[in-house]
Amino acid sequence: MSKPTSLFVIFFSLFVMSEAVFEDQVGKFDWRQQYVGKTLFAHFDSHSQSSKKLFLATDKNIFASFNSRTGELFWRHVDKAGPEGTIDILLLHGQDALMVVGGGRLLRSWDTNMGGLNWEAVLDTGSFQAACFVAMQDTVKHVAVLKKAGTVRHWFSYLVYSGGEEEVYVLGVVPNSHLTIIAYSLEDGEIIKQRSVEAPWLSSVESSCVVVGHGVLMCVDTATLALYALPIQAEEAPQFNQILLQSLDLEVSPGFQPVLVSSQPHPARSPISEFFLQLGPDHHVLLQLNADGYTIAPLRDFQPAFLVSFSTTGEKTVAAVMTPKNETSDVFPPQLYVHAFLKKDDSVGYRVLVQTQDHALTFIQQPGRVVWTREEALADVVTMEMVDLPLTGTQAELEGEFGKKADGLFPMVLKRLSSQVILLQAWLAHLWKLFYEARKPHGQVKNEVTIETLSRDEFNLQKMMVMVTASGKLFGIDSKSGSILWKHYLENVQPNAVFKLIVQRTTAHFPHPPQCTLLIKDKDTGLASLHVFNPIFGRKSHIAPPALPRPILQSLLLPVIDQDYAKVLLLVDDQYKVTAFPSTKNVLQQLQEMASSIFFYLIRSDQGNLSGFRLRKDLSTERIWEVVLPTEVQKIVAVNGKRPNEHVHSQGRVMGDRSVLYKYLNPNLLAVVTESTDAHPERAFVGVFLVDGVTGRIIHEAVQRKARGPVHFVHSENWVVYEYWNTKSRRNEFSVLELFEGTELYNSTVFSSLDRPHLPQVLQQTYIFPSPITTMEATLTEKGITSRHLLVGLPSGAILSLPKMFLDPRRPEVVTEHSREENLIPYAPEMPIRTEWFINYNQTVARVKGIYTAPSGLESTCLVVAYGLDIYQTRVYPSKQFDVLKDDYDYVLISSVLFALFFATMISKRLAQVKLLNRAWR
Amino acid sequence: MASVSRSFLLLSIIPTILILCADFACCNTGRKTGDGLDTDFSGFSVPLEHSFEVDDVSRFRMRGALQLRGGRETSVSLSQSQLSEEDRNNLKEVAAVDGLYKIRVPRVSLTDRQTERQMDGYLTAFVRACSLVESHLSDVITLHTDVSGYLIGVSIVTIPGACRGTEVEDEVDLEAFNTTLTIIPPTNAPQPETALFIERMDIEHEKRGKPQEQKSFFAKYWMYIVPLVLFLMMSGAQDQSGVGAANGGGR
């Protein structure tokens with residue numbers, strides 16, 4: 001008892017029982033999928049013939065190894081995000097994988113067998129330009145890294161070349177002037193010779209030149225339509241030798257920049273003399289440099305051919321050409337990696353790895369068979385929604401019976417009978433299936449989820465996860481198994497697009513299919529487009545979305561539904577005109593009727609301006625309020641309303657003295673978080689504004705002094721929880737704001753922002769949190785009876801389920817009778833992190849970016865999806881599974897006790913009868 | 001403002017119920033018309049404008065003048081004139097069609113004296129015209145400032161706030177505003193209460209720990225143990241002697 005903290009930890013454990021997973025529950029209702037991102041460099045392990053390893057370096061700064069038979073991850077190294085961890089180049093030789101990291105900051109060598117780091121060297125400062133292996137007498141000993149240091153050299157593009165001799169050549173070009181060739185000695189790095197060649201047509205050596213044959217630099221020029229050859233190692237003053245494309249009977253597609261592709265199979269030997277010239281988007285020519293080093297012979301013409309690549313095994317080299325099967329192929333593959341190997345009969349076999357534009361990675365084996373595909377677009381999920389699965393046919397039939405309008409007594413009876421016959425049939429079919437499967441060996445029974453067998457389960461625990469990725473690919477994932485059920489690639493999505501996914505119609509309106517709308521907005525121009533689809537099957541809806549010629553400022557989903565039960569989506573453009581979708585006559589009429597009660601807000605964070613608008617009958621708008629936060633003082637960093645599907649079961653909190661403290665439950669409340677423009681640690685602050693979105697009234701304005709972001713916050717029920725960095729104490733802190741109306745409700749029947757004159761009471765408390773966080777979300781349940789937890793994503797990849805009970809501004813400083821009655825935990829400044837609160841035990845989610853919560857059909861259960869680099873799905877039970885019998889519930893005992901009691905009553909009844917009879921005879 | 005800031009500190013130290021701290025500066029009934037705008041204190045005045053139109057197109061007119069005084073002690077007062085006959089009728093008409101009554105104040109800074117106080121733009125707020133009429137023009141106008149004294153928002157509510165559709169017959173009720181005017185600076189959010197917590201823990205620690213640690217088991221109960229031991233020793237000796245005596249007797 002020497003430390004106060006230990007005392008308190010023991011104290012708390014009396015209140016909050018542990019809720020970790022048991023060992024046998026691992027993987028029962030949770031799953032994790034690991035991704036790596038878009039491939040930048042790929043190598044096949046050619047070390048041994050039977051090797052099944054693939055090495056990838058990706059744009060997410062990850063170096064990973066895959067099993068080439070199954071596509072599973074062997075190991076993965078996640079480096080720092082951002083430019084500090086960028087992989088500049090990956091070179092593979094034998095069992096060494098060499099990597100230049102962080103713009104030429106570090107040179108690393110990895111052991112490809114185990115994935116361990118062999119060594120790491122810090123390189124001299126300068127930006128990375130090029131690197132290659134340098135070999136001497138058939139052994140690779142050195143790696144040459146070219147970096148740009150300072151401003152001495154005014155070259156703009158570089159090429160490093162080594163042909164197996166004791167010299168390394170660096171080619172630098174001064175655009176449209178000349179090319180410089182410098183030879184360095186391998187032994188001491190001294191410059192041996194330096195020459196300059198006139199090349200006024202050359203602008204970039206990287207993009208238009210390759211080395212072919214015995215050290216011949218081959219360049220292509222668009223202006224003159226000619227190839228230029230230059231022997232690098234020539235002793236006397238070298239000259240470019242011009243070969244006109246016309247003389248080879250070749251023609252470049254108009255407006256296309258020709259590209260050369262060559263291959264150097266081994267660093268100790270010179271590149272092969274065959275090379276590809278790309279003449280058009282789908283036109284490649286295989287050329288050969290003759291032995292004299294000046295003349296070129298065309299070997300073969302490939303058209304159509306999108307991608308070409310070389311691969312060498314032993315003495316044989318394979319040129320791989322990828323041709324599209326059908327012209328409409330929308331996923332144009334931008335990268336192709338080929339691995340050739342010698343088969344036992346000395347013929348050449350090959351394996352191909354294709355990286356397509358939608359970030360899918362496909363592995364193909366020799367006869368053109370796709371072995372596996374990895375959807376690496378899922379490494380960058382932007383937003384997601386969970387949609388209920390549809391009912392089965394029989395369930396839907398029953399629903400339909402109640403849904404339709406009554407048409408007389410007799411038809412209703414008939415309908416009831418027919419639906420019961422259908423139910424009976426389904427039950428029999430189910431029994432038959434059970435019987436049939438029971439006869440089969442256990443292993444053969446497959447429980448695969450397909451799009452046809454999808455149906456809602458008893459407690460609605462299985463849902464469809466609709467995920468939107470940054471590359472513009474949409475996925476439909478089964479939440480139970482994690483299998484991808486549908487995918488849809490949206491073309492022409494700008495890389496800086498912002499997505500908003502809206503569920504317009506849920507599955508509840510049979511026979512109308514569910515409907516989701518994805519709003520895709522270009523961040524720069526603000527122009528938006530809509531993609532309307534069925535979230536269960538991924539098919540594009542036949543409903544034509546409205547044309548949106550003007551930039552969109554705001555979108556809002558109204559509770560108004562059209563005759564097909566689709567919620568109405570309002571889009572506000574930059575002239576404050578409103579477009580409704582769907583915009584049927586019925587909808588427009590409803591909108592006109594309701595116009596005066598439809599309010600919305602717009603926020604321009606660059607001007608610090610918050611303004612409110614009201615809809616007019618003609619669908620124009622009127623500005624009704626304006627709040628301006630001067631940008632010289634603070635800037636708006638985040639605005640968050642409440643989730644529309646949130647339910648609050650309890651209107652107030654019963655206090656120790658049996659009076660009720662009513663919650664201030666304003667559905668229109670916005671939490672606006674600002675950060676000061678002054679970054680000085682003493683003067684920096686974080687502002688939290690609670691603004692009513694209808695009236696623009698500032699309900700509360702709090703300033704957290706000596707604080708700065710990044711601020712993460714959750715706004716729910718009557719509370720706001722935010723986390724910030726305390727610049728004075730240098731720690732992360734959590735603060736909670738709770739709003740109460742007081743002990744009396746102003747108007748208990750209905751809440752209106754327009755009629756709530758009294759400001760709520762605001763309580764606030766702050767705690768120290770011993771870890772930085774990356775994201776935060778609150779659990780959500782069907783009816784809101786279950787207590788709430790905060791799900792906190794930590795940088796370590798763990799997801800912490802923190803009871804809201806700990807974040808309660810009414811935690812007393814001094815324990816009193818009343819506070820004990822209320823079950824309030826006494827105030828402690830430090831928030832505990834307990835390892836059993838990690839809902840993902842050892843399944844860490846790398847770079848967690850967002851957490852999505854959805855209610856299930858069970859009140860106790862909340863579905864959780866954490867996404868970032870990985871995707872992790874699980875369920876949480878904030879108040880335990882109070883509505884579910886445990887897995888190990890003793891049915892036998894309870895039923896035997898019941899039966900025993902039943903028989904005991906029967907027997908005792910009989911005995912009593914006999915006794916009564918005997919007494920009567922007496 | 002010195003006393004106010006002290007009370008602020010106190011409030012933040014004792015985070016019981018953080019009552020929304022507002023500076024009740026002045027409540028002008030508005031019945032005294034014709035008050036000079038330039039009174040004795042060194043404040044400055046900004047116009048308070050209002051607009052109520054049947055067609056909901058904003059046409060702002062002068063309602064009164066806000067006397068603002070910045071510096072350490074921010075205060076605000078309002079001088080406003082009565083509604084004219086025409087305005088009263090207009091307001092009633094707007095209320096009948098459920099129109100809005102809007103007010104606006106220019107964006108100003110209360111503290112910045114050197115540079116230009118006024119920035120472009122206005123802060124706007126609204127209330128339903130019918131609730132204003134039904135409350136007999138009793139409204140509460142709140143001005144919000146940020147940390148550096150800029151006005152960032154204005155809000156208007158009426159008490160009572162509901163529109164029940166009751167007719168206001170008496171014209172006198174709609175002549176003058178009964179305005180409550182407040183200016184609210186931002187609340188300081190509390191810091192984690194480490195000092196108080198440690199103090200409390202120490203006290204608890206002292207209470208519980210001291211007597212236990214100082215007195216050992218023996219020290220605590222020596223008065224029972226010593227007599228017991230003595231008694232045992234004595235009785236043992238007596239026993240032995242008794243046995244000896246018995247033996248002796250046997251011989």
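Helices (H or I, at least four residues) and strands (E, at least two) are DSSP runs numbered from the N terminus.

The model is predicted, so that local features need pLDDT of at least 70 and side-chain atom pairs count only at pLDDT 80 or more, whereas totals for chains, interfaces and linings use all residues. Residues are numbered from 1 along each chain as its sequence is written, chains are lettered from A and ligands numbered from 1 in the order in which they are written, and side-chain values use heavy atoms, with hydrogens and water left out.

Contact (heavy atoms within 4.5 Å) involves 51 residues of chain B and 58 residues of chain A. The two chains bury about 4,400 Å² between them, 57% of it on carbon and sulfur atoms; buried area is the accessible area (1.4 Å probe) that two parts lose on being put together, summed over both. On the side of chain B, the residues losing the most area to chain A are B:F126, B:I152 and B:P192, which together account for 14% of what that side buries.

Between the chains, 16 residue pairs are in polar contact, both residues being at pLDDT 80 or more. A polar contact is a pair of N or O atoms within 3.5 Å; within protein, one must be able to donate a hydrogen and the other to accept it, and residues adjacent in sequence count only if both atoms are side-chain atoms. The side of chain B that touches chain A receives at least two residues from each of several elements, including strand 6 (118-128) and helix 4 (194-214). By class, that side has 28 nonpolar, 14 polar and 9 charged residues, with Ala, Val, Leu, Ile, Met, Phe, Trp, Tyr, Cys and Pro counted as nonpolar, Asp, Glu, Lys and Arg as charged, and the others, Gly among them, as polar.

Backbone geometry was also examined. The peptide bond from A:F581 to A:P582 is cis, with omega near -5°, and A:P582 is placed in the loop between strand 39 (578-581) and helix 5 (585-594) of chain A. In chain B, a cis peptide bond joins B:I159 and B:P160, with omega about -5°.
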